[in-house]
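Please read the following briefing alongside the sequence and the coordinates. It is arranged by topic.

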Amino acid sequence: MIMVEGEVSGKKYREPFSKGVLARSLTRAEMDPNKAYTFASQIEAHLRKEGIKVISLEDLIGIVRVKLKEENEEVAEKYGLWKRIRTCKEPLIILIGGASGVGTSSIAFEVANRLGIRNMTSTDIIREVMRKMVSKELLPTLFESSYTAYKSLRIPPSPELDEVIIGFRDHVDTVSVGVEAVIERALKEGVSIVIEGVHIVPGFINEELVSKHNVAMFVLTLQDEEVHKGRFYSRCRQLWARRPLKRYMNYFGAIRKTHKYFENQAQKYDIPVIENIDVTTTIDCIIETITKTYGREEDVRETKS
C-alpha cells in the first residue's frame, strides 16, 4: 500500500493513496472523469514501479503536475491554480454580482464546484431573511424586486434623477448590510464561501472587507440585449424555476438600466467585469484573477485536501 504523508497545523499524518481522490481533483481542472480515473491509475502504477511506499503530498503533487504537462498542458495549468487556491491558510470569499438574468447563480455554482468550496448563498436568500426581521412599512423597497424597488420609494426622486436607479440603490444599500454580515462571519469562522446576486454591487460593501486579499469581487455582464433576453427565456422554461417570463420582459428596460449601473460602479471601483457568454471562459477568468492576489507562496500551507 502506498501512503501519502502530509501536515496539518504542524501535525503530520499519513493516509493511503486514493485514485478516487486524485481523479476528483483532476475533474475540477476540467479533465474528463473517465480520463481522470485512468490518469490516476497511471500515477499509482508509476509510484509502484518506482518502489515508493511513502510519498509526501508535495512530492505527489509535483509528480502529478509533471505527468499532466506531458498529457495536457491546459489541464496541468488549471490543476496548478486549483491546488494553489485549495492550500491557502485563509478562507476565500468570492462575490459575484450582476443584473438579473446575466447568470450569477450558474457561475457561482460552477466556481464553487471547481474550487471545492462547499458554501454558497445568494443575496436573494439574505434579502428574504431580512424581510422576516423588518416590516414592509419600515423598509418598503426591500419587499420589491431590485428592478422595481422604485415603486416603493417613500419620496419620489427629482425629475432629473432616474427613479429606477434610485430605487435600485436603496434596495441594494439595505441588503448590503446582510451581505456584509455573512462575509464577516465567514472570515471570523475561517469558512470559504461564494456569494452571488444582484446586491453584490461595487461601492456598497464595506471597503475594508472587499479590499482584503482573500475577498474577491466580480461583475458579470451581457452586452447583447438579445442574448440577455434569451437567458430569461431559457431559465423560465424550466418548470421548477417558476419565474414569470412576462414580468421580466415587462421590466427588461429597468433591468438593463441596473446592468449599466453595475458596469459604471465596477469601472469606478476597479472591479473586474466579465462578459458572461461562455461558462468555461468566465470561470477560468475568475480563477486566474483570484490567484493574482490569493494563493501566493506565503499564503500556502500543506493540506490533505
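This is a predicted model: local features need pLDDT of at least 70, side-chain atom pairs count only at pLDDT 80 or more; totals for chains, interfaces and linings use all residues.

Residues are numbered from 1 along each chain as its sequence is written, and side-chain values use heavy atoms, with hydrogens and water left out.

**Helix packing**

- Helices H3 (residues 57–71) and H4 (residues 73–86) pack at about 155°, with axes 6 Å apart; helices are DSSP runs of H or I with at least four residues, numbered from the N terminus.
- Axes are lines fitted to C-alpha atoms over the stretch in contact, and angles run from 0 to 180 degrees between N-to-C directions.
- H3 and H4 are therefore roughly antiparallel, a term for angles over 145 degrees.
- Their contact (heavy atoms within 4.5 Å) involves, among others, Ile-61, Val-64 and Leu-68 of H3 and Val-75, Ala-76 and Tyr-79 of H4.
- By class, the contact of H3 with H4 has 6 nonpolar, 1 polar and 5 charged residues; Ala, Val, Leu, Ile, Met, Phe, Trp, Tyr, Cys and Pro count as nonpolar, Asp, Glu, Lys and Arg as charged, and the others, Gly among them, as polar.
- H6 and H7 (residues 163–189) pack at about 100°, their axes 9 Å apart, which means that H6 is roughly perpendicular to H7 (65 to 115 degrees).
- Thr-123, Ile-126, Arg-127 and Met-130 are the H6 residues of this contact, and the H7 residues include His-171, Val-175 and Val-182.
- The contact of H6 with H7 divides into 6 nonpolar, 4 polar and 1 charged residues.

**Salt bridge**

- A side-chain nitrogen of Lys or Arg within 4 Å of a carboxyl oxygen of Asp or Glu defines a salt bridge, and the count comes to 11.
- Lys-19 and Glu-44 form a salt bridge at 3.2 Å, N to O.
- This pair links distant parts of the chain, 25 residues apart: Lys-19 in H1 (residues 19–27) and Glu-44 in H2 (residues 33–49).

**Surroundings of Ile-63**

- Ile-63 lies in H3 and, neighbours within four places in sequence aside, contacts Ile-43, His-46, Leu-47 and Ile-55.
- The C-alpha atoms of Ile-63 and Leu-47 are 9.4 Å apart.

Definitions and conventions:
Helices (H or I, at least four residues) and strands (E, at least two) are DSSP runs, numbered from the N terminus. Angles under 35 degrees count as roughly parallel, over 145 as roughly antiparallel, 65 to 115 as roughly perpendicular and the rest as oblique.
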